Amino acid sequence: MPREAIAPADPHACFLAHRSEIESAVRAAMEAGRYILGPALAAFEAEFAQFIGTAHAVGVASGTDALVLALRAAGIGPGDQVFTVSHTAVATVAAIELAGATPVLVDIDPHTFTLDPERLDATVRHGPRSARAAVIVVHLYGQPADMAAIADVARRHALTVIEDCAQAHGAALGDRRVGCFGTLAAFSFYPTKNLGALGDAGAVVTADAALAERVRSLREYGWRERYVSETAGMNSRLDEIQAAVLRVKLRYLDAENTHRGRLATLYATALAGTALQLPAVRSGATHVWHQYVVRSAQRDALKQALHAQGIGTLIHYPVPVHEQPAYRGRLQLDPAGLANTEAAARAILSLPMHAHLSEDHAARVAAAIRTILTP
C-alpha cells in the first residue's frame, strides 16, 4: 500500500481544523446582510491591529493591493524610486509598478535571505536619486529583516519605510511584531499564508491615523463622501465573508505559529550534519516559519527524489524578479550585482511546512532526506 503523500502546504487542512467555527461565522455574515465594509470587517480590522500592536488596520482585496495602497498613501508614485529585493514574490515589484513608481532591486544577505542593509545604502548612494523614495522591506519566509540597520539607512537617505509582511504574520524583533517598524505595512491573507483566508485578501497597517484614513479612501475610489472621488482611488475591499473567516483563524494564529516552530526544531535536529545548509534565525528575532527553506548543491535531484517518495516541495523562488521575462533588462539593479540573490535561486528548496503538518510527517521528510543524501 503506498504511503500517504505529504504536501508542501495544505490550506484545506486549516479549514477542516476550524470548520465548524468558520461555517458558523460565514453563516452569520451572510445572514447579517451587509456584505461589503460591514461589521465583520470592522471587527477584524480592530482585532488584527491589536494583534500586530499598532493603531490601525485597513482590510483590502489582496496583499498586492495592500502594497499598492501603502505606496500611494505614502505619496509614492510616478517619478519616485522604491528600493526592494529581487528575491521575493513578483507581487512586491508588480505593486511598485502598479503604483507608478520605479523599482530598484538590491541584493540580499545570503544567510537570512532578507534585504542587505549595506547593499541598500550603497545602491541608494549610487544614484541618480529621485526626490522622493521608499524602501519595501520583505520579511521573507517568516524571518524578520534587519529593521534597525535598515531604519538607519532610511533615516540617512530620507526613505519612507514600508514593510511587506505577507509571509510574516506574528514574526517579531524583540517584543515588537513586524508591521510596527515602518510608516505602513502590507499583509497578504492568501490561503497558504500563516493567517490565510479562503480566497484573496489583504490589509494595510499603520500607527498614523491620517495615513489609515487615506488608505480607506483609496481602497474605495477615493471616496470620503459616497460617489464623490476626492482622489483617484481603486476598488480593493476585504469582503465580509473573508473577514469572518479571518476572525476565526486569527484566534489560533499564535498557537499555529508555535507548532510551526516545533516542526522547524524537528527539521533542524534531524537534518543536522547533512550536506544541507539549514535556515538561520536572526538574533533576537521570532521566526514564524512560513517556509522552512534549505540550500543544497543538488537541489533539483533532491527535489525529484523526494517527489518520487510522495513528498512535495516548492522553490520560493526559482527565478529572481530581475531575470523573469517580463522584467529582464529593464529594472535598475544594485550596482554590485545580485550575486547572492542569483546563487540562492539555484540552491533553495522549501520543505513541507504548514500549521497542520504532523510531527510524524515532518520526521518522515527528514528521514527521507537523510537517506537520499547518504552516499
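Which exposed residues does the face of helix 11 turned away from its buried side carry? I opened my notebook with that one, and I get to it below.

**Ground rules**

I am working with a predicted model, where local features need pLDDT of at least 70, side-chain atom pairs count only at pLDDT 80 or more, and totals for chains, interfaces and linings use all residues. Residues are numbered from 1 along each chain as its sequence is written, and side-chain values use heavy atoms, with hydrogens and water left out.

**The whole protein**

I looked up the elements and found 13 helices and 15 strands; helices (H or I, at least four residues) and strands (E, at least two) are DSSP runs, numbered from the N terminus. The radius of gyration is 21 Å, close to the 21 Å that the globule rule gives for 375 residues, so the protein is as compact as a globular protein of that length. That radius is taken over C-alpha atoms, and the globule rule is 2.2 Å times the number of residues to the power 0.38. The C-alpha trace spans about 70 × 55 × 40 Å along its principal axes.

Next I checked burial: 54% of the 375 residues count as buried. Here buried means under 20% relative accessible area, exposed over 50%, and partly exposed in between (1.4 Å probe, protein chains only). I also looked at contacts (heavy atoms within 4.5 Å). Among those between residues at least 6 apart in sequence, 72% join residues at least 24 apart.

**Helix 11**

Back to my opening question. Helix 11 covers residues 299-308, and its buried residues are Arg-299, Leu-302 and Leu-306. They cover an arc of only 65 degrees around the axis, which puts them on the same side of helix 11; the arc is that of the directions from the helix axis to the C-beta atoms. The face turned away from that side carries the exposed residues Asp-300, Gln-304, His-307 and Ala-308.

What covers the buried residues of helix 11? I noted helix 12 (339-347), strand 15 (348-351) and helix 13 (359-373) among the cover. After the helix comes Gly-310, with a positive phi near 80 degrees.

**Ile-348**

I then followed strand 15 to Ile-348, which has its place there. Is Ile-348 buried or exposed? Ile-348 counts as buried, at 0% relative accessibility. Leaving aside neighbours within four places in sequence, Ile-348 is in contact with several residues, including His-87, Phe-113, Tyr-141 and Arg-299.
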